[in-house]
Amino acid sequence: MTQPVAQNSTIRNVLLAGILLMLAGDFLFALNDAMGKWLVASFSVGQVVLIRSIGAFFVLGPMIANQGPAKLFRMERLELQLLRVVMTTLDTALFYAAVVYLPLADVMSFYMAGPIYVAALSHLLLGEKVGWRRWMAILLGFCGVLIMLKPSSAAFSLSSGFALVGSIAFAFAIILNRRLRGTSDTNLVTWQTIGTLLVGGVLSIGAWQTPSALDLGAMLLLGIVSCGAHLMITRALKLAPASTLAPLHYTLLLWAVVFGLVFFGDVPGPRILIGSGIVVLAGLFIFHRQKVVETTVPPENVPKGVN
C-alpha cells in the first residue's frame, strides 16, 4: 500500500518539476528575446549573435568538460546533425533580423505557429499519422498565420518574411530533435551554438561596432540566458510528456506582449491579436488530439544514458 502511494508521489513530483522547468525556460526565452531586440537596435544582428554565442560557453564549458570533449564528436546521423545546426542557426538569425523592425509580440506570434508546422511536417517527414481533425486544425492555423502576415504587395514586409521563415526553421529543428533524441543535451546545444557563432562572425564583418562594457556584458548575458532556457526546456521534456508541456509554450506569447509593452511601448494590433488567437487555438487542439489518439505513451522521451 505504501509503495504505490510513494511511487505516485514521486511521479507527481517529477511531472511538477518538468512543468516548472518548462515555465521557467519559456520565461528565460522571452527575456532573451526582449534583450535581443534591445541590442539589435544599436548593433548588427551578426555582432549580437556572435557575442551571444560566446556567452553561451560560460554555461556549456563546464558541461563539455564534465562529459569529455571527445564525446562532442561521437554523433549519430551526422547529416541530420548538420541540418539541425543549419535550422537552429537560421531560426536564431532570422528572429533577431525580424525584431529589428517588428514588435516583439508580432514576431513571437509567427513562432507560435511552430507546433502547427511540426504537426504537418511530422506526417511528411516522420510518417506519423495525422487524422482529418488535426489536418483541419493545421489549415485553420495556416489561416491565422496568413491573417498576421497579410500577404499583399502593399502590406507584406521583409521583416514578416524573416519571422515566417524563421518559424518554419524552428519547426524543422523540433522535428530533427525528435530524430536525434539519443544525442546528449550538451552535444545538441554545443553544436547549434558553434553554428550561430560562425554565422554571426561572418555577418559581423564590416558591421562591427565596438561595444561598451555594459553592452558587451549584456550580449554575453544574452548567451547565458538563452543557453539556460534551451537546457531547461530540454530537461523538462525528459521529465514530463511533451503533450503536457507543449501548451505551456504559449506563455511565450504572453511574456512577449508584457515585455514589448513595458520595455518598448509596443501594443499588438487587432490583426496580430486575431491571427495569434487562431494559431493558439489550433495549436491547442492539435495537442489535445495528439493526446487522445496516442493510446500508448513511451516510458520516457529520451533513451537511457542521455545527459
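Colleague: Where in α2 is the kink of about 45 degrees?

Modeller: This is a predicted model, so local features need pLDDT of at least 70 and side-chain atom pairs 80 or more, while totals for chains, interfaces and linings use all residues. Residues count from 1 along each chain as its sequence is written, and side-chain values use heavy atoms, without hydrogens or water. A bend is the angle between axes fitted to the seven residues ending at a residue and the seven starting there. In α2 the kink comes shortly before the proline Pro62, at Val59.

Colleague: How far does α2 reach from its first C-alpha to its last?

Modeller: Helices are DSSP runs of H or I, at least four residues, numbered from the N terminus. α2 covers residues 45-67, which makes 23 residues.

Colleague: Are α3 and α7 roughly parallel or antiparallel?

Modeller: Their axes, lines fitted to C-alpha atoms over the stretch in contact, are 8 Å apart at an angle of about 150 degrees. Between N-to-C directions, on a scale from 0 to 180 degrees, under 35 counts as roughly parallel, over 145 as roughly antiparallel, 65 to 115 as roughly perpendicular and the rest as oblique. That pair is therefore roughly antiparallel.

Colleague: Which α4 residues meet α11?

Modeller: Contact means heavy atoms within 4.5 Å. On the α11 side are Leu252, Leu253, Ala256, Val257, Phe259 and Gly260. Facing them from α4 are Leu104, Ala105, Met108 and Ser109.

Key:
Helix = DSSP H or I, 4+ residues; strand = E, 2+ residues; numbered from the N terminus. Expected span 1.5 Å × (residues − 1).
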